[in-house]
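This report describes a few local features of one structure. The sequence and the model come before the details.

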Amino acid sequence: MKTLFSIAAALTLLPALTFAQSNYKPAYIVTLKGDTLHGEINQKEWFGNPKSIEFKSTAGVKNYTVNDISYFELLNSSIYQRYSGEISMDETNTSKLQTGVDSTKKQDVVFLRVEQNGPNVTLYSYIDAKKTRFFIGDNKTGQVKELVYRIYYLPDHGVQTRSENIYIPQLYDLAIKYNPTSEKLKSEIENATYSLPDLKSISQKLNNITVDKKTYGGKSAWKFFAGVGVNATLFTTSPGTSQGTKFYNAKNTTSVYPAVSAGVNLYPNPSVGKLIVRGEIMVTGAAYKNSVDLYFNQPDIPKSDFNVKEFLVIVNPQVIYNIYNTNNFKFFIDAGISYTFVKTTGNSIYNSHLQTTTYNYLSLSSGLISFPIKLGVTLGKKVDIYVSYSTPAAITNSKNYTINANSIKAGINYEF
């Protein structure tokens, strides 16, 4: 109960912590009048292209939108440029496709993200709730156009789809203009998918850049970690819905075992570092030992001893969010789903009345699913200290009797 209260108390503080903290990074903006202003931008986990930014200078803090600035850059990180023009509105999500060509467009003014640039062309991306789009700018003419990709159901053909890769001839025209002798580039364009890696490679070759050392930010990063900890498992029992309950009057028990873990952290935007997707494998154990009544309502018969040991391998995909996020200290909340592979030994009961031992006494689960929530801190970008709580899961496969296990874990992880 204390752990649940602590977690609930921390959750009540999330809005205040989230909105109170800022993440200002060195940056500059260019106004619509052409003035360059130096200062800092509050860099956030923008899920899509931002509609406004919070800029801090010697004049104070001010919000800027596409109505105020034409360009902004976070130094050694992301770059955004104002765009006014047509944006496609057709669906590319296969679960939402329409029948027949949808060439719907709208006029809009947005910030495009720079993904690669050079003397000839600039590759941009634009992400909103509908889809991801890519744009290409011809730096010699100043024209920026969307690279068009369509997919739709063919009329009278059921679920058969057709793709229109209009972006391929668009890129091919630029290749003829800026790198006409490269057969490798032409072949790469013909086989390109509508994806950032493919389009970024083509843009680089259109700019005749062999190695692009410029930082554009937003590139995801992988880092491995390992840790040690402790796993405290609380076992509770309850009778089932059928007759023939296996035993009675069992008390709640707790076991404590060491735990080791390892995994990988994926940072979708390392320059912000607030959101982390984690894959983790933990190895630990648990043991259930209890003195129980085998004979209902017969207090004169001595209790019997039941015990089982579990070797646990826990696979835990999870999402971490750093509520408070600075270089040397972070406070995070973590949620996910755990699947536990269980190897049991024991599962025996000693009947002290008959002085006999019965093996494989209960039908036990070989796999458990639970939903853990974790709170912790990160020190110096490397060391995580955490405590977690996992929802109860039944370790038995019986309608006659249920043994639930829920756990509290604490530990330390080190990121390499």
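## Terms and basis

Buried means under 20% relative accessible area, exposed over 50%, and partly exposed in between (1.4 Å probe, protein chains only). Helices (H or I, at least four residues) and strands (E, at least two) are DSSP runs, numbered from the N terminus.

This is a predicted model, in which local features need pLDDT of at least 70 and side-chain atom pairs count only at pLDDT 80 or more, while totals for chains, interfaces and linings use all residues. Residues are numbered from 1 along each chain as its sequence is written, and side-chain values use heavy atoms, leaving out hydrogens and water.

## Helix α4

In helix α4 (residues 183-190), the buried residues are Leu185, Lys186 and Ile189. They lie on the same side of α4, because they cover an arc of only 100 degrees around the axis; the arc is that of the directions from the helix axis to the C-beta atoms.

Exposed residues Glu183 and Lys184 are carried on the face of α4 turned away from its buried side. The buried residues of α4 pack against α3 and α5, where contact means heavy atoms within 4.5 Å.

## Glutamine 160

Glutamine 160 sits in the loop between β11 (150-153) and β12 (161-164). Its relative accessibility is 41%, so glutamine 160 counts as partly exposed.

Apart from neighbours within four places in sequence, glutamine 160 is in contact with Tyr152, Tyr153 and Leu154. From valine 114, glutamine 160 is 46 residues apart in sequence and 35 Å apart in space, C-alpha to C-alpha.
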